[in-house]
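User: I would like to go through the labels given to this model and see what each one rests on. Please start with the term that the pocket lining needs.

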Amino acid sequence: MPFASRILHIARYAVAAAWLAALALQPAAAEPLAPRNGFPSQTVKFISPFPPGGGNDATARLVTTRLPEIMGQAAVVDNRGGAGGNIGAKAVADARPDGYTVLTSQVSIMAVNPTLYAAPGFDPIKNFIPITQINAAPLALVVDASSPLKSFADLATKAKASPGKVTYATPGNGTLSHLVGVVLAKDNGVEMTHVPYKGAGPALTDLLGGQVDVLVTSTASVAGFVQNGKLRVLAVTSPRRIGVFSKVPTLEELGYAGARFEDWYGFFAPAGTPPERVAYLNEAIVRTLHLPEVSKLVTDGGSEVVANSPDAFAAQLRQDIDRWSRIVKLSGARAD
């Protein structure tokens, strides 16, 4: 059985800036949500565990830009990058469980890092309460628009002819982006050299600067650059061909075994947060995600709005932890 079946400043801010600018155009009226038992009565802080400029940061800001209209309180993003997202995640795990500190997280942090790192600093089940899953999306393999690699076939041919010569950037060790490269090498003979970064923003900067050949990251991280013609998409990793990625081939369609990878972003509260506050945050965020201009931006960015219940999100998290922990163990990857 194949392994995978078991297992520069402007660039950093362009994605978030494009989304926020689009939100300012003819926004639909948001239906306010009355406070419950005095909550919220102050600013809600959303910790994004990566530097500005990547998909995590952009997704957090997409929500926090409109959320205050519904909550009647400010919502701010606090970027705390490092250790593949572990530093920011631990900060929320250790925060007071009062509903005023929320983690914006994703599959790689919650389902991969606990196995990849000997001591990530948090337990995704014990230390957090899922609030809602924001979206579901493929990953994208992109190159600079001036790259001689015009298709994934070009990339595969070059990588097979000179194993390890092609470099691929990712937001960090052990991310789903990293595992895409592992699968392509182990199951399909497309061997590239992994170059991990501390988030998609710095990786984008180096891709645009010609320091690396390919970037594997979330569609949300690169949609704006694809739209403005600065990046070319070679392939995506799941059947969700949406928005600017709707005409891009999937790796499975191209005949690459076990190469279905689906990413998501979601919000989490520290364990111990009162259920009524989790329920309030869920309802407020879900209303925000269903605003027409917000859902359109998510779709245009190549993903689908999920906006589910805490229980449904918890079930998805457990499923992904089970799958990705096995794959990480089989890969032998470590990031300590």
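Analyst: A residue counts as lining a pocket if it has an atom within 4 Å of a pocket point. The model is predicted. Among the residues that meet this cut-off for the largest pocket are Gln133, Pro239, Trp264 and Arg323. The volume of the largest pocket is about 210 Å³.

User: Which helix gives the largest share of the lining of the largest pocket?

Analyst: Helix α13 (residues 310-331) does, with five residues. By class, the lining has five nonpolar, three polar and four charged residues.

User: Why is the contact between Arg61 and Asp57 called a salt bridge?

Analyst: The label requires a side-chain nitrogen of Lys or Arg within 4 Å of a carboxyl oxygen of Asp or Glu. Arg61 and Asp57 have an N to O distance of 2.7 Å, so the pair qualifies. The two are four residues apart in helix α3 (residues 55-64), which means about one helical turn separates them.

User: What makes Asp57 buried or exposed?

Analyst: Buried means under 20% relative accessible area. Asp57 has 1%, so Asp57 is buried. Arg61 has 24% and is therefore partly exposed.

User: How do you know that Lys296 and Asp300 form a salt bridge?

Analyst: Their closest N and O atoms are 2.6 Å apart, and the limit is 4 Å, so the label holds. Lys296 and Asp300 are also four residues apart, in helix α12 (residues 292-300).

User: How many salt bridges does the structure hold?

Analyst: The structure holds eleven. A network of salt bridges links Glu31, Arg36, Glu283 and Arg287.

Note on methods
Residues numbered from 1 in each chain as written. Predicted model: local features only at pLDDT ≥ 70, side-chain atom pairs only at ≥ 80, totals over all residues. Heavy atoms only, no water. 1 Å grid on protein atoms, 1.4 Å probe; cavity = no way out; pocket = protein on both sides within 12 Å on 5 of 7 lines; lining within 4 Å. Points joined across faces, edges and corners; volume = space filled by probe spheres on them. Nonpolar A, V, L, I, M, F, W, Y, C, P; charged D, E, K, R; others polar. Buried < 20%, exposed > 50% of the residue type's maximum accessible area, 1.4 Å probe, protein only.
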